[in-house]
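Hi,

Here is the structure I promised to pass on. Have a look at it first, then read my notes below.

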Amino acid sequence: MSRTSTVYLGDIRQRHGIFTIWERQRNRREVHWLMECFAEALGVFLYVFPGVGSTLGFILGGISKQQGLSSLFQIGSAYALGILFALGIAAGTSGGHFNPAVTIAFVLFRGFPVRKALRYIPAQIFGGYIACMLVYYQWRPLVNEMVDGLTAAKEEALLFTPNGPPGAFALYLLPGMTLGSVFLNEFVCGVAMNAARDVGGRLWALSIWGTEAAGGRYAAIAALTNIPATIFAVILYEVFLADSDRPVTPQALEHGHLAHGNRRLVQAEERAHNMDTVENGQSTSRNSGKVSIETYEVAPGTRQ
């Protein structure tokens, strides 16, 4: 599809005047990075909120011996559906990392700007933190009741385990497990899978229960192991599975057009092309006319 035949959403659907003005302001080069960070935080929120909520229901149901509050199937479904919502709603704005490990892998293997990565990762953790905060206040009366009950029964040792209420927010070491076996399990299976979910949840647990909720040395394993595991997985793919001679399907081409054909990206590329033409006295731009996902970020006037 040629650029001249592209039809943009604004060409066929008019927005209310105030939203048009706001959209024009939020998409300015100076502030658009805030929209990307918001999208990353929202994406993490959309799967952490249902996932942690289902996990807390499962834990509280086990403590109170009440059936039906949640189940392992519900927990898995909540995370899976939440990720689908995140990709569908927010990925179009930020690229849909929603995970510090993914962002770091993009920096190492895809040339993703380090500056943007340093914005994305705190935003992702913040999204997890807000999701855990909301879950806690929704369940607060029951959580406090269960915590008080365990304390009264002199079973405080259960609090900061996978079976205690704080265990829904921050991951803790199972009794009898060694750090080595936990590292291997996390590296291979990905129990935490996402530093944004784990660090955000642990920060919230620390906000409520103090340093007792820190998790000790296991906290570092839960939070960071997914990063080298993701990098290792990418290396395996690039070394053994990536095939540049594989044909690209029409659907993939259309997806690439939608991802990189954003009007702002196209206009930024045209401005860069025109500037190169004026400066160099030739009609070939530095990017040979290719629009990349970073064009808008590094267009003239955006470097900081």
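How many disulfides does the count come to? A disulfide is a covalent bond between the sulfur atoms of two cysteines. The rule here asks for a pair of cysteine sulfur atoms within 2.5 Å, and the count comes to zero.

Before you go on: this is a predicted model, where local features need pLDDT of at least 70, side-chain atom pairs count only at pLDDT 80 or more, and totals for chains, interfaces and linings use all residues. Residues are numbered from 1 along each chain as its sequence is written, and side-chain values use heavy atoms, with hydrogens and water left out.

Next, the cysteines. C132 is buried at 0% relative accessible area, while C189 is exposed at 55%. (Buried means under 20%, exposed over 50%, partly exposed in between, with a 1.4 Å probe and protein chains only.)

Now the aromatic rings. Rings of Phe, Tyr and Trp (its six-membered ring) pair if their centres lie within 6.5 Å; planes under 30 degrees apart count as stacked, over 60 as edge-to-face and the rest as tilted. That rule gives 13 aromatic pairs. In one of them, F45 and F49 have ring centres 5.5 Å apart and planes at 5°, so they are stacked. F49 is partly exposed, at 25%. The rings of Y136 and Y137 sit with centres 5.2 Å apart and planes at 75°, so that pair is edge-to-face. Y136 is buried, at 5%, but Y137 is partly exposed, at 43%.

Cheers
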